[in-house]
Amino acid sequence: MSKMDNIVSLCKRRGFIFPGSDVYGGFAGTWDFGPLGVMLKKNLTDLWWNFWVEKRDDMFGVDAAILMNPRTWVASGHTATFADPLVECKACHGRFRADKIADGISESVTTEEFKALNVKCPTCGKTDWGPIRKFNMMFETHVGAVLPEDANGTKEEQELSKRSVAYLRPETAQGIFTNYKNVVDTLYPDLPFGLAQQGKAFRNEISPRDFILRDRECSQMEIEYFINPKDWESEFEKLLKETHYFLEEKIGLNASDLEDLEVAPADRAHYSKRTIDVMFNYPNGEEELMGIAYRTDFDLKNIERESGKSMEYRDKVTNESFVPHVIEPSIGVERLILAILSTAYVEEPVEGKDETRTVLKLPESLAPYKFCVSPLLKNKPELVEKAREVYDLLKEKYTFVTWDDSGNIGKRYRKQDEIGTPKCVVVDFDSLEDGTVTVRDRDTTAQIRLKPEEL
Ligand SMILES: [Zn+2]
């Protein structure tokens, strides 16, 4: 099994991540977080929020509705251009993203360019392709009481039905931009300031793949950092540096797995003057982990045009008025979780034994549980009682503490290693004599004896 398969298997076996709608055979491009996955995800999103918002004076949070006025997506350009190149195999009718089944072509590949490559259909191996079509990735829905017959009814009814079309947001960013004016009017923060948001975004990916890397429903953590355009270069550098500090120091990714890819002008969104894709060395190859884009005043200017409202900011010192520019660090939670899991996942030989153990070497701040407490034997009431005391003490202090009295001690260690619990605490017969407990370290497997109060 590949490393990716092993991670997927561990995630399911230990209750981190299940296939979406598993009981009905799954639902492509969706994944559900189980009890341990929720804890990991919450630790991660809390850590991000604490680092980028709570600890800073220049960042504020918003939490916008997922359903937004459809004019949002007209103004942002999503209804016109948020599309992937879709190509259909005429032989087997399989549908693919053209730029994902051929090497070295971009999203703007033309039918002629694609046909010239003689790409084989990944399903049937033929090379008989239809034209490249632009496939809009936004999920459409209807708002209010729209009945199926409205679409076939009178012109008026059809118009009504069209007007009620809304989209599940394809990015959280627009929920920030549309609140920019409200925040300026209410808080009037000093420039530069950032607005941060965490939440769901939806993309109708043509071919979801690689576990949680490319899914149809994902969680994003985005910041729109509003600046005076004259400062864009230095502000960009600062955000890039802080991003690396967060990825490497706060959540433990290895610098050697990260690469800053300077996106070439031809590949950047037309309004962006600089974009860096932070790439990560995933088990199945290098992929984009996150992006930092200088979006200029593109979004606020679009909103000005579409809404007719001024997006200008009056500088408190110079009194000068202008539309701020924006730098956007944007990251997908699931992509980040996969990067964390593939960094933490280790199979290593057990010292002195002819076996290997699987360990998730998660940073303590992300591990679902900080401690596991157990009695050496579960049929000795005096051990169980003492262990319960220790458990209550640690639970009070650290909250994220689990109890395990199943199987033998070796099995418990293996399970706790696999879910990334940094410390296992065992109450044995010596504990009844001298009050100390065995504390076993996840990464080194070294054991020491301590008084529970010393933990
Ligand atoms: Zn085919």
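This is a predicted model: local features need pLDDT of at least 70, side-chain atom pairs count only at pLDDT 80 or more; totals for chains, interfaces and linings use all residues.
Student: Which residues make up α13, and how far does it reach?
Tutor: Helix α13 covers residues 381–398, which is 18 residues. From first C-alpha to last it reaches 25 Å, close to the 26 Å expected at 1.5 Å a residue.

Student: Which of its residues are buried?
Tutor: In α13 the buried ones are Leu383, Lys386, Ala387, Val390, Tyr391 and Leu394.

Student: Where do they sit around the axis of α13?
Tutor: Looking down the axis, the buried residues of α13 fall within an arc of 145°, so they line one face of the helix. An α-helix has 3.6 residues a turn, so residues three or four places apart point the same way.

Student: What do the buried residues of α13 pack against?
Tutor: Their partners are the strands β19 (371–375), β20 (401–403), β21 (423–427) and β22 (437–441), plus helix α15 (429–434).

Student: And which exposed residues are on the face turned away?
Tutor: Pro381, Glu385 and Glu396 are the exposed residues carried there.

Student: What happens just after α13?
Tutor: Thr399 takes a positive phi of about 65°.

Student: Switching topic. Where is Phe135 found?
Tutor: Phe135 is in strand β6, residues 133–136.

Student: Why is Phe135 classed as partly exposed?
Tutor: Because Phe135 has 16 other C-beta atoms within 10 Å, and being buried takes 20 or more while being exposed takes 12 or fewer.

Student: Which residues is Phe135 in contact with, leaving aside neighbours within four places in sequence?
Tutor: Phe135 is in contact with Ala83, Asp84, Leu86 and Ile206.

Student: How many residues apart are Phe135 and Leu86 in sequence?
Tutor: They are 49 residues apart in sequence, and 5.9 Å apart in space, C-alpha to C-alpha.

Conventions
Residues are numbered from 1 along each chain as its sequence is written. Helices (H or I, at least four residues) and strands (E, at least two) are DSSP runs, numbered from the N terminus. The expected span of a helix is 1.5 Å times one less than its number of residues. The arc is that of the directions from the helix axis to the C-beta atoms. Two residues are in contact if their C-beta atoms, placed from the backbone, lie within 7 Å.
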